[in-house]
Every structure is written in structure tokens, then in C-alpha cells.
Amino acid sequence: MSTSKPRIRIFIVNLFNKYLSGKTTENEDHLVEKIYDRLDIHHLDEIDYDSINKEIKQHVDTVISRKIKFSNRKKHYRLAVAASVLFVLSLGSLFLYQGKDTDTSFSRNTHRSAHSPQLIIDKEQRINLLDSLPLGSTLQKKGEQHILDLTDMKTSPKVALIEINNPSETPFTIILKDQTTVSLNKQSSISFQSNFGLSSREVAAVGEVDFHVSKKQFQDKWLPFIVRTQLQTIEVLGTQFHVSTTIRGEENVLLKEGSIRLAHNHSDGTVILRPGEQAFLQELQPKIMISSHSSKAKIDSWRRGEFYFENEKLMQVMKEIGTWYGKSIVVSDEIGHRSLTGIFTRYDDIKDVMHMIALTNSVDFNEKKGVIYVTVK
């Protein structure tokens with residue numbers, strides 16, 4: 001590339017960003033349209049920069065002839081380039097995208113706010129989804145909520161990672177290639193490999209995210225859908241659940257429908273979550289609390305290192321305790337539906353907790369071959 005070509009690229013960057021913000025003159029609009037007609041996003045290396053350079057020179061000559069001071073123009077030019085995204089370079093980047101307008105890829109009604117949903121390619125290139133869309137995708141609006149359909153999205157084989165971030169006040173819904181629906185709350189995001197949905201389905205989630213997972217087969221087997229966060233790995237086949245990572249060092253997942261297998265990333269073993277149950281995890285405690293109640297008092301007690309039960313069935317109480325300590329607990333049928341209320345310290349040894357429950361609830365327990373049996377005292 002000759003030394004003039006980078007300058008031409010930068011000039012185009014400045015001009016196109018000015019065009020997108022609606023600040024260009026009628027003559028500059030005409031120049032943008034002429035340059036755009038010469039750009040081929042599939043063959044950037046073959047662009048006739050010499051021809052474009054002539055167009056630019058003619059425009060600059062016209063500007064000078066109208067006595068616009070070049071020094072002020074140059075100052076504005078440098079500031080604009082420093083603040084802009086390299087638009088022309090992005091045309092030849094690793095991702096194919098299109099404007100939402102049917103006649104042109106540029107819209108003067110842009111939404112270049114930091115509070116608009118964005119698609120980020122390989123952690124570098126950003127696309128404002130209210131202005132431009134990945135090729136093959138569509139964007140619908142239902143009420144106040146936008147729905148981005150990526151079912152037929154086209155990407156270059158060179159693209160590795162795709163991230164969708166929602167900093168807006170309203171949820172932003174995404175339909176992935178496998179028909180899974182993901183709803184991002186404020187300050188939430190998901191990321192996934194560009195080949196998502198072919199032979200694997202795995203996403204990373206941050207913030208508050210709702211999933212409605214679609215079942216999918218691959219080579220006559222159900223293809224699992226895996227969600228990874230900082231603290232947990234969730235594996236499902238087809239279900240609805242809500243993941244929250246908004247509190248530093250703490251996460252939770254609420255299962256709405258189906259079942260999921262859940263693992264704490266800092267410990268071994270997995271647990272199965274059933275509909276209506278919620279799992280809580282902490283970074284400093286490599287254990288999982290599972291509960292059918294998500295009251296503030298229960299969550300606060302968990303954070304203080306306590307078990308909190310309020311009118312809960314003994315069978316459910318023992319399931320929560322057993323999950324926490326990784327123990328199998330069998331409760332006698334005659335007492336399984338008894339209600340229990342109390343607060344118990346999460347001792348290091350499960351036997352200490354069982355002793356406290358036995359003292360206050362007229363039950364007994366004993367352990368045989370690693371299984372704890374709870375019976376009437």
C-alpha cells in the first residue's frame with residue numbers, strides 16, 4: 001500500500017463518521033455516496049484508491065475555493081479521527097454486517113449512545129445493534145423491547161468470538177442459531193464462538209440473563225447447552241432458567257422449567273436443580289446452596305454462614321443440607337412432611353448440624369456406609 005492510502009482511509013473514516021452523525025453538507029453527502037459506491041467489502045485490497053483520491057482532492061479544492069480555512073478543518077479532522085471507530089477498516093474486517101435500511105448501509109438516525117446494545121467481534125470491533133446488524137440477522141421491536149434474531153446470521157470463518165452486551169435500561173432479547181432465546185437485563189452480556197450451534201452449544205454469561213433453551217440433536221444425540229459464569233457451569237438439554245452474577249463474588253441460578261446439572265467451578269461434583277429451585281454460589285465458599293425459597297432472610301443467613309428454614313418440609317431441609325455437604329440423606333416417610341423452622345450454623349462437619357436439628361425437632365439420625373438416615377426419635 002502506498003503511503004497515501006492510509007491517509008485516504010483515515011479521511012474516509014472521518015467523513016463517514018461525520019455523515020453518520022448528520023453533520024455533513026450537501027456536497028459532502030454527495031462525496032460519501034460516490035466513495036461508498038466504490039467500496040467492496042469483499043475485496044478491499046482491490047479498491048481503486050487513486051480514483052478515490054481524485055474524488056477527495058476535487059472535494060477539498062471545492063472547499064478551499066469557498067474560503068473555508070484549512071487550519072481549522074485540519075484541527076477538527078484530527079479530533080474526529082482520534083474519537084472514531086475505523087469505519088473503512090471495519091468494512092474489510094472479519095465480520096459481515098449490514099445497515100438496517102433497505103436502500104443503504106448507513107442511517108442518519110443513528111443511536112451512537114453508550115446505552116445501546118452492541119455486538120463485539122473478537123473483543124475489538126463494535127457494532128451498535130440499533131444502527132447496523134450482522135448480515136442475515138433481523139431486529140424486531142415489541143413494545144419497549146428489541147428482539148435480535150441471529151438464526152440466519154452470516155460470519156466469516158476468521159471470526160472467533162462474538163459478544164452481545166446490553167447497557168440499556170430495558171431487556172434485550174436474542175434468538176441464537178439453535179433457536180434458544182436469551183434475554184439480557186441491564187448491564188448484562190453473553191459471548192459465544194462464531195461456530196455456535198454446529199457441533200457444540202456453549203455461552204458465557206455476565207449479569208442477569210434469562211435462557212429458554214431449545215432442544216437440538218447432533219449425530220443422533222441430544223446436544224447439551226452449556227452456560228459458563230465465573231463461579232458455575234450449567235448444563236442443560238432444553239429448559240428455562242435465570243442466571244444472575246450482579247453481586248461481586250456471588251451468583252445464583254433460578255430454574256423455571258426442566259432440569260439442569262450445575263457445578264461450582266471451584267470444586268468437584270455436580271448437583272441437579274429442579275423447577276422452582278434456586279442455587280446460590282460464593283467465590284470464597286466452593287459449595288452450592290439449593291433452596292425452593294429465595295426470601296431475603298434466607299439469602300442473608302446464607303451469606304452469614306447459617307442455614308435458615310422457615311416452615312419448610314423436613315425432606316426439603318435435608319436435601320439442602322445434604323447438597324451443601326455432599327452427603328446422601330434419606331428421610332423416613334412418616335416425618336418427611338414435618339415442618340421445620342430455625343437457624344443453624346453451617347458447621348464444618350455435617351454431624352454438628354444434624355445434632356442441632358435432632359435436639360430441637362424430635363428426630364434421630366445415624367450414618368451407614370456414607371448415607372445418613374433420619375428417623376423418628
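Predicted model: local features only at pLDDT ≥ 70, side-chain atom pairs only at ≥ 80, totals over all residues.
## Strands β15, β16 and β11

Strand β15 covers residues 225-228, and β16 covers residues 232-236. The two strands pair in the antiparallel sense, over four bridges. A hairpin of three residues joins β15 to β16.

Strand β15 also pairs with β11, which is made of residues 201-206. Here the strands run parallel, and four bridges join them. Within this pairing, Val203 stands opposite Val227 of β15.

## The largest nonpolar core

The largest nonpolar core has 43 residues. Ile164, Leu176, Ile190, Phe211 and Phe241 are the residues with the most contacts inside this core. Leaving aside residues up to four places away in sequence, Leu176 touches Leu150, Thr151, Val182, Ile190, Phe192, Phe196, Val203 and Phe225.

Another core, of 26 residues, lies apart from the largest one. Among its members are Met289, Ile321, Val353 and Phe365.

## The sheet of β24, β27 and β26

Three strands form an open sheet with mixed pairing, in the order β24-β27-β26. Strands β24 (328-331) and β26 (363-368) are at the edges, and each has a single partner strand, so one side of each has no neighbour in the sheet. On average, neighbouring strands of the sheet are turned by 25° against each other, direction ignored.

Strand β27 consists of residues 371-376 and runs antiparallel to β26, with six bridges between them. Phe365 is placed opposite Val374 of β27. Phe365 is also one of the residues of the core of 26.

## Helices on the sheet

Helix α7, residues 314-325, lies across β24, β26 and β27 and runs at about 170° to β24. Helix α8, residues 350-361, packs on the sheet and touches β24, β26 and β27. The direction of α8 makes about 150° with that of β26.

## Aromatic pairs around Phe307

The structure holds nine aromatic pairs. One of them is formed by Phe307 and Trp324, with ring centres 6.4 Å apart and 80° between the planes, an edge-to-face arrangement. Phe307 belongs to strand β23 (residues 306-313) and Trp324 to helix α7, so this pair ties together parts that are 17 residues apart in sequence. Are these two residues buried or exposed? Phe307 is buried, with a relative accessible area of 0%, and Trp324 is buried at 6%.

Phe307 forms a tilted pair with Tyr325 as well, at 6.2 Å centre to centre and 40° between the planes. This pair links distant parts of the chain, since Phe307 is in strand β23 and Tyr325 is in helix α7, 18 residues away. Phe307 and Tyr325 are both buried.

## Other ring contacts

Elsewhere, ring pairs link Phe192, Phe196, Phe211, Phe225 and Phe241 into a cluster.

Charged side chains sit over rings at two places described here. The charged end of Arg346 is over the ring of Phe307, 3.8 Å from its centre. Lys215 lies over the face of Trp222, at 5.5 Å from the ring centre.

Most residues other than glycine have a negative phi. Which angle does Gln219 have, although it is not a glycine? Gln219 has a positive phi of about 55°. Gln219 is found in the loop between β13 (217-218) and β14 (221-222). Its relative accessible area is 64%, and Gln219 is therefore exposed.

Lys369 likewise is not a glycine and has a positive phi, of about 50°. The place of Lys369 is the loop between β26 and β27, the two strands that run antiparallel. With 90% relative accessibility, Lys369 counts as exposed.

Note on methods
Residues numbered from 1 in each chain as written. Heavy atoms only, no water. Pairing = 2+ DSSP bridges. Axes fitted to C-alpha atoms, helices over the stretch in contact; angles between N-to-C directions. Contact = heavy atoms within 4.5 Å. Phe/Tyr/Trp six-rings, centres within 6.5 Å; stacked < 30°, edge-to-face > 60°. Buried < 20%, exposed > 50% of the residue type's maximum accessible area, 1.4 Å probe, protein only. Lys NZ or Arg CZ within 6 Å of the ring centre and 35° of its normal. Core = buried A, V, L, I, M, F, W, Y, C linked by side-chain atoms within 4.5 Å.
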